[in-house]
Amino acid sequence: MLNFKNIALRRGARVLFANASFTIHKGQKVGFTGANGAGKSSLFALIRNELHLDEGDFSIPPGLEMAHVAQETPAVPSSAIDYVMDGDRELRRLQQQLAAAEAKHDGLKQAELHAALDTIGGYTARAKAARLMNGLGFKPEQESHPVNSFSGGWRMRLNLAQALMCRSDVLLLDEPTNHLDLDAVIWLQDWLCKYDGTLLLISHDRDFLDTIATHIVHIEQNKVDIYTGNYSAFEKMRAEKLAQQQAAYQKQQREIAHIQSFVDRFKAQATKARQAQSRIKALERMEVIAMAHVDSPFDFNFPKPGRMQNPLLKLDKVDIGYGQTTVIDGANLSISPGDRIGLLGPNGAGKSSLIKVLAGDMQPLSGTRLEAEALNIGYFAQHQLEQLRLDESPLWHLQKINPQATEKELRNFLGGFDFQGDKVMEAVKPFSGGEKARLVLALLVYKNPNLLLLDEPTNHLDLEMRHALSVALQDYQGAIVLVSHDRHLLRTVTDQFLLVGEGKLQPFDGDLEDYRLWLNERKKDEDKSADDEMATVSRKDQRKQEAEFRKKQKPLLDALKKAEQAVEKYHNEQRRLEAELADPSLYSETEKDKLKKLLARKTEVDKALDTAESEWMEAEERLEAAKLEF
């Protein structure tokens with residue numbers, strides 16, 4: 001079906017791969033793997049006819065309907081559900097023809113087009129679009145919201161829903177789970193398993209690939225190889241190939257012994273709880289995984305934390321939320337050294353807000369947050385990538401943490417995160433999302449925390465870096481609280497799960513399979529409630545209500561967005577000023593005027609931030625009040 005014969009692709013002077021020959025047949029689900037920059041996305045661009053081959057031939061049967069996720073979302077005022085329905089291009093074409101036939105009063109043509117619409121399921125298309133949006137985390141009332149009212153991450157979900165709406169022969173998905181939470185990842189996985197077309201999938205999510213893929217195309221060392229089976233099968237075959245090389249074999253044995261020590265240590269202290277048994281199985285499987293990643297460019301570990309008191313951090317009857325809105329009510333949590341906690345829960349339930357409160361980045365609405373005197377938090381969240389100094393190098397960032405360290409020591413440390421040679425001296429600005437995420441993780445590891453708070457740490461990381469992170473976290477002796485849609489990381493790193501949902505924080509007695517079943521039951525209940533509610537409201541009344549809600553909500557959304565931007569702006573400037581004021585050289589006699597200016601500006605920014613935060617909270621309260629009135 002898709003036939004590649006002796007193909008070669010270059011990026012500038014660099015050869016991505018050459019002499020590659022393989023065929024993808026109809027109905028196959030193919031996972032594309034390889035390090036960042038290996039050429040996976042370039043190969044997708046070739047298939048979409050956006051790139052041309054440097055050598056060889058690529059052929060695809062004519063007339064195939066091909067769908068992919070757009071990387072940009074136009075800021076259009078049309079409703080979200082109409083935008084999703086635009087993904088069915090034939091539906092839209094027939095609807096336009098029908099409108100033209102109605103304008104001409106051509107009854108025969110109208111009958112023909114109505115039959116064509118019925119054949120392609122055009123009269124159930126809106127319900128199909130609603131199911132797609134629901135699966136990806138949108139609430140029913142958001143279907144009518146304009147596209148331009150959604151944030152960037154939610155617009156990417158709309159783009160994904162639009163691609164799934166297309167009745168495609170070939171579906172190309174490049175990192176579709178990056179903007180999703182665990183619930184949406186599980187739903188998308190089930191949807192793709194039922195997809196009857198040909199699926200081409202780039203993903204760094206091991207469980208996702210394992211469940212969906214029937215074949216793996218792996219790109220490394222300028223070569224492209226295709227393997228039959230899922231990702232685990234590919235790892236075994238690649239491990240066998242690597243084991244034939246003596247140096248790789250010796251490194252494999254060291255890695256296996258290292259992983260086995262985790263298994264033995266955990267078995268000795270694990271209970272019979274399902275979560276503990278699930279983690280034992282996952283650790284045992286890591287022996288094979290270690291064998292397949294012996295040539296990884298990443299090699300780092302967390303040093304032993306310093307003094308650790310018990311508990312490290314405690315929440316007592318804490319309410320968490322924004323303004324007058326409480327998302328978690330009366331949370332109690334005590335974190336001790338060695339705790340390894342995974343947070344589960346639906347999107348919007350408050351997992352990230354809980355992490356922010358634990359980190360001290362957000363104040364609870366009520367209750368007490370108590371921290372140990374020796375607490376040293378390592379906090380990873382996506383917004384921290386934006387706090388890197390774009391005009392400075394990885395080496396500079398480490399030198400700010402430890403000015404006394406030698407350049408050789410810092411270069412050796414950065415090498416473990418694959419920042420080699422001149423790369424350690426380059427400005428951060430042109431770095432990819434994955435490189436920035438690796439640098440933030442490197443800075444976090446270097447600070448030697450005794451409590452790790454990790455909110456989606458694997459976004460933008462490739463499979464090799466995810467494996468290195470999971471191995472390093474196995475050996476980490478401090479406490480961990482983890483939010484992640486990467487089930488392999490959750491399974492291999494955490495000992496216990498806490499469920500954030502319905503305004504509560506409570507233990508979840510089960511493993512990730514139990515959580516999947518819990519989600520399915522919850523979605524069935526929600527769908528039933530939605531059906532009951534829809535039955536009591538006529539479509540005419542619903543349209544009227546939606547129009548009234550949009551009209552009332554738009555100025556409130558605009559005010560909220562403006563307030564959020566102001567908070568972000570002053571918060572970033574505050575951090576920059578604090579970093580400058582931390583420089584000891586600033587307090588010399590010669591720098592007195594500069595110090596005076598910085599202190600004055602810091603006072604202005606602090607006041608402006610307080611004002612902006614107050615306006616933000618007021619905007620939140622007005623929006624919530626409008627929703628309640630509606």
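The following legends accompany close-up views of a predicted model.

**Figure 1. Overall composition of the predicted model.** The protein has 630 residues, of which 47% are buried. Its secondary structure comprises 20 helices and 18 strands. Of the contacts between residues at least 6 apart in sequence, 71% link residues at least 24 apart.

Figure 2. The model contains 1 cavity of 30 Å³ or more. The volume of the largest cavity is about 40 Å³. Its lining consists of H204, D205, R206, L463, R466, H467, D486, H488 and L489. Sorted by class, these lining residues are 4 charged, 3 polar and 2 nonpolar. Two helices, α16 (463–475) and α17 (487–493), each provide at least two residues of the lining. The greatest share comes from α16, which contributes 3 residues. Domain 1 (1–64 + 169–229) and domain 4 (313–519) each supply at least three residues to the lining of this cavity.

**Figure 3. H488, a buried residue in the lining of the largest cavity.** H488 is part of helix α17 and is among the residues that line the largest cavity. The relative accessible area of H488 is 6%, and the residue is therefore classed as buried, the limit being under 20%. Along the chain, H488 and F208 are 280 residues apart, yet their C-alpha atoms are separated by 9.3 Å.

Figure 4. Two or more lining residues come from each of β14 (377–380), α13 (394–401), α15 (433–446), α19 and α20 (592–629). Among these elements, α19 gives the most, with 6 residues. The lining comprises 37 residues in total, and those nearest the centre of the pocket are Q387, H397, K447, R575 and A579. By class, 16 of the lining residues are nonpolar, 13 are charged and 8 are polar. At least three lining residues are drawn from each of domain 4 (313–519) and domain 5 (540–629).

**Figure 5. E573 and its polar contact with R601.** E573 belongs to helix α19, which spans residues 539–581; this helix also gives the most residues to the lining of the second largest pocket. The side chains of E573 and R601 are joined by a polar contact of 2.7 Å. When neighbours within four places in sequence are set aside, the residues in contact with E573 are R601 and V605. E573 has a relative accessibility of 15% and so counts as buried, since the limit is under 20%.

**Figure 6. A129, a buried residue of helix α5.** A129 is located in α5, a helix that covers residues 125–135. With a relative accessible area of 0%, A129 is buried. Apart from residues up to four places away in sequence, A129 touches I81, V84, M85 and M165. A129 also lies 8.4 Å from D82, C-alpha to C-alpha, although 47 residues separate the two in sequence.

**Figure 7. The cis peptide bond between N310 and P311.** The peptide bond that leads from N310 to P311 is cis, and its omega is near 0°. P311 is situated in the loop that connects α11 (274–292) with β10 (313–322).

**Figure 8. N19, a residue with positive phi in strand β2.** N19 is not a glycine, yet its phi is positive, near 55°. The residue is placed in strand β2, which runs over residues 14–24.

**Figure 9. H105, a residue with positive phi in a loop.** H105 lies in the loop between α3 (89–103) and α4 (107–119). Its phi is positive, at about 55°, although the residue is not a glycine. H105 has a relative accessible area of 69% and is exposed.

How values were computed
Residues are numbered from 1 along each chain as its sequence is written. This is a predicted model: local features need pLDDT of at least 70, side-chain atom pairs count only at pLDDT 80 or more; totals for chains, interfaces and linings use all residues. Side-chain values use heavy atoms; hydrogens and water are left out. On a 1 Å grid over the protein atoms alone, a cavity is a set of points where a 1.4 Å probe fits but cannot get out, and a pocket is an open set with protein on both sides within 12 Å along at least five of seven lines; lining residues have an atom within 4 Å of a point. Grid points are joined across faces, edges and corners, and a volume is the space filled by probe spheres set on the points. Helices (H or I, at least four residues) and strands (E, at least two) are DSSP runs, numbered from the N terminus. Ala, Val, Leu, Ile, Met, Phe, Trp, Tyr, Cys and Pro count as nonpolar, Asp, Glu, Lys and Arg as charged, and the others, Gly among them, as polar. Domain bounds come from an automatic or database domain assignment. Buried means under 20% relative accessible area, exposed over 50%, partly exposed in between (1.4 Å probe, protein chains only). A polar contact is a pair of N or O atoms within 3.5 Å; within protein, one must be able to donate a hydrogen and the other to accept it, and residues adjacent in sequence count only if both atoms are side-chain atoms. Contact means heavy atoms within 4.5 Å.
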